[in-house]
Amino acid sequence: MTDLAVETRGLTKRFGHQLAVDSLDLAAPRGSVFALLGPNGSGKTTTIRMLLGLAAATGGTARVLDHEVPGGLGAALPQVGALIEGPAFYPFLTGADNLARLDAADPRGRARTRSHRVAEALERVGLTKAAGKKVRAYSLGMKQRLGLANALLLPRELLVLDEPTNGLDPQGTREVRSLIRSLADGGTTVLVSSHLLAEVEQVSTHAAVMHQGRLKAQGTLAELRAAGTAQVLLRTPDPEAAAAELVRFGLVVTGRQQAADGSTDLTATLPEDAPAPEYLVAELVAAGVGVRGFEVRRPSMEELFVALTGEGFDVAR
Amino acid sequence: MPGDRAAGGTTIALLASELRVLLRRGRTWAMFGALAAIPVLLALVVFFSASPPGPGEGPPLLDKVTQNGMFVSVTALVVTTPLFLPLTISVVSGDAIAGEAGLGTLRYLLVAPAGRLRLLVVKYAGAAVFAVLAPAVVLLVGWAIGSALFGVGEATLLSGDVIGPGGALARSALVALHVAISMLGLSAIGLFASTLTTVGVGAMAATAVLAVVAQVLGQLDQLAWLHPWLFTHHWLGMMDLLREPISFSGLTDNLVLQAGYLAFFGALAYGRFTTKDVLS
Ligand SMILES: Nc1ncnc2c1ncn2[C@@H]1O[C@H](COP(=O)(O)OP(=O)(O)O)[C@@H](O)[C@H]1O
Ligand SMILES: [Mg+2]
């Protein structure tokens, strides 16, 4: 047993001329809440489809729970619960009957415990009252919840949730987050995709960022945050002298803007090996530079992802 | 965990679930209702017409129904076999995979994991059960209305021999069995069509069109060499079951032919379904 729940090497999917997934190397550790992030059309769902054996890879390899994809999926999938590209149900069956139907297709779904497990899963997503209603009458949010309930019919080692908060109101989104948290606390690995960073940032331990089928960054959240270069914001009435001083210590001045009080705001990138901020300030003052403001900023995750994907998070490809 | 597999999630359990889904659908009952209407209509028309139909008038055997209500079933089965019944079979088999794909439930069945081969087998079995149930509905409703309106007396067979009510019951049930067998090949064709698309209606229409085309080809004398190979060849071969001595050769020939179609189109469906990307 490796410590990775999901691992891909050079995973590639081509649709006609388009590379939907391009040489993807994912590594989602066991026990992690792994966020697969990227704008719409970046290849998240296609990746998930390949991991679950719904689509064949054009190239590369993948392993899920230490089983080869697709050869070993028969052994892996019973341990995987999934929500893929939105929920899908028989509109003419009730919510409970829909779950029972999918449970009957699961080799681990014992008939004897079925109705009990269905009721429990419905309870967990807050659908107990709607259990006997035909899915035809469900709202999108209710269907999304039912889709989550389906993934929870049995204890799983791995949950793959593709955009689980789509169609949910803020309250529902919070509930999904706390559900993910409680599942992760129980030891389940959760692979959750989203085009909205904010929806999953709080619950994930790891993240990968995709853009146009390619992996842009991957690691723990702390690693990803650290990867963004820190910036210095300096407000000074002596921009020329200040810039010269900053450059002397290896900083690169990237912007200069007139500030309201007649001074200038300088922005400069702060390399990892640069001197400590307090030392820089002391040197600036010693050189006769007036320092009216000094701040070291690291980019937020959101800014980082915009930088990585070259666009905001809702933008379609 | 091999114990788990034995305890639940068997193929039988999946088939039971498949049949539950089939029988919870309004569409299925609408088709049963439409099929049931045929013997009812037939019986009522004969019952209320001033003069009983003469030999050879109207649909086959119509003249016999007044002798024995059981023949309402037989006449209705003969009437529904060329078009009406194949239409319902096309709906169920053509929708088997494509319908799940269209709903999106196919991806959830596959990651359950139902297993592609297992799902295909269960889908065919479900369609085959429908192919038995549909003529059974015609048979039972025909019995009910026929015996109510015309009673169950002795009946004259096509060969002129006279049989009792028990014999009539058995013969009409054999006719229904022949019709059910006739639909097995078409169900396999529908299943294959169903693996080609995510649009259920498309697969249904293609299957129904094939059923009609095969019967048209069967009418063309120029294509006599082809006729024994058409899956529709024995569709109206149930008349042999209404003679004395009874001949089962049509029934068994039909079974062999339909099994051949099942093997061929089942293999095509397997080849297609086990390799295709499920992207819906
Ligand atoms: N069935 C398909 N046929 C052709 N192209 C597809 C298909 N499914 C997805 N794509 C393309 O693959 C790319 C990735 O899509 P997808 O994996 O759905 O992205 P995401 O889930 O990140 O929004 C998109 O450009 C999309 O147009
Ligand atoms: Mg997607």
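In this predicted model, strand β7(A) gives three residues to the lining of the largest cavity, the largest share. Helices (H or I, at least four residues) and strands (E, at least two) are DSSP runs, numbered from the N terminus. A cavity is a set of points on a 1 Å grid over the protein atoms alone where a 1.4 Å probe fits but cannot get out, while a pocket is an open set with protein on both sides within 12 Å along at least five of seven lines; residues with an atom within 4 Å of a point count as lining. Volumes are the space filled by probe spheres set on the points, with grid points joined across faces, edges and corners.

The structure holds three cavities of 30 Å³ or more. The largest cavity has 13 lining residues, and those nearest its centre are Asp106(A), Asn150(A), Arg156(A), Tyr108(B) and Ala112(B). Two or more lining residues come from each of β7 (80-83), α3 (95-104) and α5 (140-151) of chain A and from α7 (105-111) of chain B.

The largest pocket is lined by 29 residues, with Leu52(A), Gly53(A), Pro70(A), Leu73(A) and Arg116(B) closest to its centre. At least two lining residues each are supplied by β5 (59-64) and α2 (73-76) of chain A and by α8 (116-150) of chain B. The largest share, three residues, is that of β5(A).

| Space | Volume |
|---|---|
| Largest cavity | About 100 Å³ |
| Largest pocket | About 600 Å³ |

Contact means heavy atoms within 4.5 Å, and buried means under 20% relative accessible area, exposed over 50%, partly exposed in between (1.4 Å probe, protein chains only).

Ala96(A) is part of helix α3 of chain A. Apart from residues up to four places away in sequence, Ala96(A) touches Val118(A), Leu122(A) and Ala131(A). Phe305(A) is 209 residues from Ala96(A) along the chain, and the C-alpha atoms of the two are separated by 40 Å.

Thr46(A) belongs to helix α1 (residues 44-51) of chain A. Why does Thr46(A) count as buried? Thr46(A) counts as buried because its relative accessibility is 15%. Beyond neighbours within four places in sequence, Thr46(A) is in contact with Lys13(A), Phe15(A), Ala20(A) and Val21(A).

In chain B, Leu230(B) sits in the loop between α10 (200-217) and α11 (249-273). Leu230(B) has 9% relative accessibility and therefore counts as buried. Its contacts, leaving aside neighbours within four places in sequence, are Ala214(B), Leu217(B), Gly218(B), Leu257(B) and Tyr261(B).

Chain A has 11 helices and 15 strands. Its C-alpha atoms fill a box of roughly 80 × 40 × 35 Å along the principal axes. Of the 317 residues in chain A, 53% are buried. Among contacts in chain A with a separation of 6 or more, 68% involve residues 24 or more positions apart.

Residues are numbered from 1 along each chain as its sequence is written, and chains are lettered from A and ligands numbered from 1 in the order in which they are written. Local features need pLDDT of at least 70 and side-chain atom pairs count only at pLDDT 80 or more, whereas totals for chains, interfaces and linings use all residues; side-chain values use heavy atoms, with hydrogens and water left out.
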